[in-house]
Amino acid sequence: MRTAKYALQLSCFLGLGKPRLLFWAGALHDVGKLLVPRHILEKPGPLLESEWKVIRQHPLWSLKLVESRCRGMQGLENILVAIKAHHESWDGSGYPEGLEGNGVPLEARVLALADVFDALTSPRPYRSPLSLGEALKIMAEIKGKKLDPFLFQKAQAFLSCMGEEKIGCQGAREGAV
């Protein structure tokens, strides 16, 4: 739910007008990980290539699960687009389709910002959570690779305040795109 909250707040801050869509995409983007064996998800060390192949399937599994369980939900098509593409990368090195640049749907690029921020600032089996400063430094290093550099640049001030947990949609438009 942290990723959902961050995606919603980023949507508001960036003035995208799609906060509910991004909230639901954030809430549902990783449900496909339910199909990933626990020993892979909780592995304390580096994954083997065969394990990465399994992990790389989760966006497609999430897409299928949400599509089958949420038929009729308003905005489902756009939510599915974001879910499927949330691991695509600005430089084309992502998955499942290897989309790049503006070919990665905008919703997925915003969701990726929220997801990466959450992943870096949350505990993982292989490391403790990073500080806000450490997380932003890593995100700056991967802008133009994993992350949309223009969205990251616009969202950087907002992300710097994320740790304060005080930002919501109201008043977030000061830095709107």
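**Exercise 1: aromatic pairs**

There are four aromatic pairs in the structure. Rings of Phe, Tyr and Trp (its six-membered ring) pair if their centres lie within 6.5 Å; planes under 30 degrees apart count as stacked, over 60 as edge-to-face and the rest as tilted.

Before you start: this is a predicted model, where local features need pLDDT of at least 70 and side-chain atom pairs count only at pLDDT 80 or more, while totals for chains, interfaces and linings use all residues. Numbering runs from 1 along each chain as its sequence is written, and side-chain values use heavy atoms, with hydrogens and water left out.

*Task.* Classify the pair of tyrosine 6 and phenylalanine 117, and say which parts it ties together.

*Solution.* 
- Step 1: The ring centres are 5.1 Å apart and the planes sit at 85°, so tyrosine 6 and phenylalanine 117 are edge-to-face.
- Step 2: Tyrosine 6 is in helix 1 (residues 2-14) and phenylalanine 117 in helix 7 (residues 106-121), so the pair ties together parts 111 residues apart in sequence. Helices here are DSSP runs (H or I, at least four residues), numbered from the N terminus.
- Step 3: Both tyrosine 6 and phenylalanine 117 are buried. Buried means under 20% relative accessible area, exposed over 50%, and partly exposed in between (1.4 Å probe, protein chains only).

**Exercise 2: a second pair**

*Task.* Classify the pair of phenylalanine 23 and tryptophan 24.

*Solution.* 
- Step 1: With 5.5 Å centre to centre and 85° between the planes, phenylalanine 23 and tryptophan 24 are edge-to-face.
- Step 2: Phenylalanine 23 has 23% relative accessibility, so it counts as partly exposed.
- Step 3: Tryptophan 24, at 36%, is partly exposed.

**Exercise 3: two helices crossing**

*Task.* Describe how helix 2 meets helix 7.

*Solution.* 
- Step 1: The axes of helix 2 (residues 19-28) and helix 7 come within 10 Å and cross at roughly 60°. Axes are lines fitted to C-alpha atoms, for helices over the stretch in contact, and angles run from 0 to 180 degrees between N-to-C directions.
- Step 2: That makes helix 2 oblique to helix 7 (under 35 degrees is roughly parallel, over 145 roughly antiparallel, 65 to 115 roughly perpendicular, the rest oblique).
- Step 3: On the helix 2 side, look for Leu21, Leu22, Ala25 and Gly26; they meet Glu107, Val110 and Leu111 in helix 7. Contact means heavy atoms within 4.5 Å.

**Exercise 4: leucine 63**

*Task.* Is leucine 63 buried or exposed?

*Solution.* 
- Step 1: Find leucine 63 in helix 5 (residues 58-69).
- Step 2: Its relative accessibility is 16%, so leucine 63 counts as buried.
- Step 3: Leaving out residues up to four places away in sequence, leucine 63 touches Leu80, Ile83 and Lys84.
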